[in-house]
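The sequence and structure are shown here for reference.

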Amino acid sequence: MPPKSKAAAAAAAEPVAVEDLFSALHRHIEAGDFSQAVKVADQVLKAAPGDEDAVRCKVVALIKSDETDKALAAIRAAERLPIDLSYYKAYCYYRQNKLQEALDILSGQEETSAILQLESQIFYRLGRMNDCMNSYEKLQKFKIDSMDLKINIIAALVAAGRASEVQAAMKAQKVDLTTRALRDARSFELAYNSACSLIENKKYSEAKEHLDLAKRIGKEELMVEDYEENEIEYELAPVTAQLAYVQQLQGHTQEAMETYVNMINGKSADSPSLAVATTNLISLKGTKDAADSLRKLDRFVEKSAAPNQLQLIENLDFKLSPRQKEALYSARVLLLLHANKTDQANELVSGLLGMFRDSVFPVLLQAAVHVREKKVQKAEEVLSRYAEKHPENSKGVLLALAQIAANANHFQLAADSLSKIADIQHMPATVATLVALKERLGDSNAAASVLDSAIQWWKNSMTEDKKLDVFMREAATFKLNHGRDEEACLLYEELVKNHGSIEALAGLVTTSARTNLDKAEQYEKKLKPLPGLKGINVESLEKTSGARHVEGAQPMKVDIAEEVKKQKAKKRKRKPRYPKGFDPANPGPPPDPERWLPKRERSSYRPKRKDKRAQVRGAQGAVTREKHEPTANTGGSSSKTTVSNSDQPKPSNKSRKKKSRS
């Protein structure tokens, strides 16, 4: 048998070589050595050009190695091959924060579980939370049992303002969010996101427990991985910032400020956590030291290549949530206004209007700048225009418009703005403000109709927090003050029948005395008699001219119940308040009793001796006149110049001694 040629031998050996290469490729991927996996994939493609598995392994290995540019280059090189790599291309754009390009690639694709998960993450970063939740709801049909997916669902619900649905959603996913269950689950992210949902639901104590648990779990996991102490602090900075935020919400402002300052000065945190800590610290400090606060914020903001545009450093724009970015930019604009840098504030607001076209917060900031510049009418126009264009998102705008208009004495515009917010028309603060505005306009009928509408709403409401009696009392008082005695009488009578109020009974008697005397006498009998008035004859009291002061008269003794005497006898014992740093056990020398008197009135005061030497004043060479010489009265003035004996020059003691010796 003749020997085989070299080409035939190579062809026979090729399948075996490719299989060995795939085995090596599999080993590298399992070991997490993705850079070596890329090299082996290139060898496979050299041996078998266009192999689909090799192309996919190479692209995934490049993505895992954080080399998205090379991954995109490999995808473009494989475009001529019949391989669909659109998902990987969209994922590379997502990693490069080219979110809209990634979304465009995914549109029209089959809604697989991988496509929906990537789509939901893109929507989350874009701040489109409703679309994000729609993608997660579509994922439910795939019944994916993934803890990462459940953690992301909690984050999306919190960001979408639907934190109240977290418990029900996790219950449907068979996830227990109690502290004990989270301790058993040993999931740092789950405990952290659960705490965020509790913060939104204003359950701050439970949120603090979950954050402490998340911090403990995270620290233990990082210590197992041999992280240094400063590295652990850096990794857990988001939890530290969130704990300080909970302290801030609970009113422990000093502790929160200390945590924020330590994070900022220590710089042991990632950029998003530092940005959050700085913004929250500024909100606590207020306008105090605005220049220093502006310097702190300048670390996170830089000018963009586009005119009148700003951007956050280090891709911070994609790492902060929309609410966090709004808070940061708002703090900067308000600090610029308080520092009287209105030009810079105007420039920043112009940029924000272009960056956040559909958001309400740049419009509110623009109105604030106009108010600062005393252009109130322009601010009202800006807010009114936005409220007409976006009626579904105009609640905050209308409230701001009402406040600005009321401060400018534009009471009609303020009342109209408040009347457009339907869901707060029945609230006590809104009703009180509307009534006050209508009174300022001199329209008492409109004010009364506002009160009547609120009363009717509370009569029909099914809420537990009933405020009907409060509104009826205030309405009765208002109508009584405006001469509507009969309407006030009906309100008081309804209060007495339904609520049994003593105050309403007294008001009913007083009001009925003006309109219906029989009714007043009927209800007057239900009033409890006052103690000490049994022996007083009312008719004789009415005939007297009034009480007179009698010298040496003894005060009338009134019988006081024993319980009242005991209450008066009890005095509250308060601990004395000492100055800061004062030790009552070692008080030291007593303070000067005259310390509150002016110095010239103290017994230790000694006046300074006057310089009795002659003082020559005037032009050079002028001759001064002795004080004891009479001076001429000039200018026809009627005042006389008198010199006391004490002002005359006296001979010194030295001259006296010389005379006695001579």
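## Packing of helix 4 and helix 5

In this predicted model, helix 4, which covers residues 68-77, packs with helix 5, which covers residues 86-95, at an angle of about 155°, and their axes lie 10 Å apart. Because angles over 145 degrees count as roughly antiparallel, helix 4 is roughly antiparallel to helix 5. The crossing in which helix 4 passes helix 5 is left-handed.

On the side of helix 4, the contact is made by Thr-68, Ala-71, Leu-72, Ile-75 and Arg-76, while helix 5 contributes Tyr-88, Lys-89, Cys-92, Tyr-93 and Arg-95. Sorted by class, the residues in this contact between helix 4 and helix 5 comprise 6 nonpolar, 1 polar and 3 charged.

## The cavity and its lining

The residues that line the largest cavity are Ala-163, Val-166, Gln-167, Ser-197, Leu-198, Asn-201 and Lys-203. Two elements, helix 10 (166-172) and helix 12 (188-200), each give two or more residues to this lining. In terms of class, the lining of the largest cavity is made up of 3 nonpolar residues, 3 polar residues and 1 charged residue.

How values were computed
Residues are numbered from 1 along each chain as its sequence is written. This is a predicted model: local features need pLDDT of at least 70, side-chain atom pairs count only at pLDDT 80 or more; totals for chains, interfaces and linings use all residues. Side-chain values use heavy atoms; hydrogens and water are left out. On a 1 Å grid over the protein atoms alone, a cavity is a set of points where a 1.4 Å probe fits but cannot get out, and a pocket is an open set with protein on both sides within 12 Å along at least five of seven lines; lining residues have an atom within 4 Å of a point. Helices (H or I, at least four residues) and strands (E, at least two) are DSSP runs, numbered from the N terminus. Ala, Val, Leu, Ile, Met, Phe, Trp, Tyr, Cys and Pro count as nonpolar, Asp, Glu, Lys and Arg as charged, and the others, Gly among them, as polar. Axes are lines fitted to C-alpha atoms, for helices over the stretch in contact, and angles run from 0 to 180 degrees between N-to-C directions. Angles under 35 degrees count as roughly parallel, over 145 as roughly antiparallel, 65 to 115 as roughly perpendicular and the rest as oblique. A crossing is left-handed if the near helix is turned anticlockwise from the far one by less than a right angle, and right-handed if clockwise. Contact means heavy atoms within 4.5 Å.
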